[in-house]
Amino acid sequence: METRIDRIKKQLHAASFKLTPQREATVRVLLEHEEDHLSAEDVFLLVKDKAPEIGLATVYRTLELLTELKIVDKINFGDGVARYDLRQEGAAHFHHHLVCIECGAVDEIQEDLLEDVEQVVEKRWNFLVKDHRLTFHGICWRCNDRGSVEE
Ligand SMILES: [Zn+2]
Ligand SMILES: [Zn+2]
């Protein structure tokens, strides 16, 4: 945790930003909830526990800054809510998501799996792929299990 905060601090410094206490509280919440896909309001409520004086606008600006610096990715699963997701350290590409249409669970795939597709895109459209967003919508293993038990 501390080493990751340290590295994020360096990333901010490299872009001439400081890790203020408010920014640090926001980063800590994101690290503590790495598996989750929190909205700005979710982050705000969690940060408020650590830094009661913080305002939603500050949290929002911090999230936008972290997005700009590619420390977090902003995603939308089609429900109109922007969510913030920490990027895996050293990951060249954003991870993929599996969104369950039954229970709403969001699972992650960290492997890229798309090398072949990227090569086709680069060749056929002469397009240099820098990143991608991939969200699968379907039924998760938990809902699948539940279904087979009821049968
Ligand atoms: Zn994610
Ligand atoms: Zn499910």
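A polar contact is a pair of N or O atoms within 3.5 Å; within protein, one must be able to donate a hydrogen and the other to accept it, and residues adjacent in sequence count only if both atoms are side-chain atoms. I begin with that definition because the structure above is a predicted model, in which local features need pLDDT of at least 70, side-chain atom pairs count only at pLDDT 80 or more, and totals for chains, interfaces and linings use all residues. A polar atom of the Arg-83 side chain lies 3.2 Å from the backbone oxygen of His-37. Beyond its neighbours within four places in sequence, Arg-83 is in contact (heavy atoms within 4.5 Å) with residues including His-37, Leu-38 and Asp-73.

Is Arg-83 buried or exposed? Arg-83 counts as buried, at 16% relative accessibility. Buried means under 20% relative accessible area, exposed over 50%, and partly exposed in between, with a 1.4 Å probe and protein chains only.

His-37 leads us to the zinc ion (ligand 1). Which residues coordinate the zinc ion (ligand 1)? They are His-37 (NE2), Asp-85 (OD), His-95 (NE2), His-97 (NE2) and Glu-108 (OE), at 1.9 to 2.2 Å. Donors are N, O and S atoms within 2.8 Å of the metal (3.2 Å for Na, K and Ca); water is not among the atoms, so sites may look incomplete. Within this set, His-95 in the loop between E3 and E4 and Glu-108 in strand E5 link distant parts of the chain, 13 residues apart. His-95 is buried, at 4%, whereas Glu-108 is partly exposed, at 25%.

The zinc ion (ligand 2) is held by cysteines: Cys-100, Cys-103, Cys-140 and Cys-143 each coordinate through SG, at 2.3 Å. The angles among the 4 donor atoms run from 108 to 112°, and the site is tetrahedral. Four donors count as tetrahedral if all angles lie between 85 and 135 degrees. In sequence, these donors follow the spacing C-x2-C-x36-C-x2-C. Cys-103, between strands E4 and E5, and Cys-140, between strand E6 and helix H6, link distant parts of the chain, 37 residues apart. Cys-103 is partly exposed, at 40%, while Cys-140 is buried, at 9%.

How many disulfides does the whole structure contain? The search finds 0, a disulfide being a pair of cysteine sulfur atoms within 2.5 Å.

Methods
Residues are numbered from 1 along each chain as its sequence is written. Chains are lettered from A and ligands numbered from 1 in the order in which they are written. Side-chain values use heavy atoms; hydrogens and water are left out. Four donors count as tetrahedral if all angles lie between 85 and 135 degrees; four count as square planar and six as octahedral if opposite donors are over 155 degrees apart and all others between 65 and 115; anything else is irregular. Helices (H or I, at least four residues) and strands (E, at least two) are DSSP runs, numbered from the N terminus.
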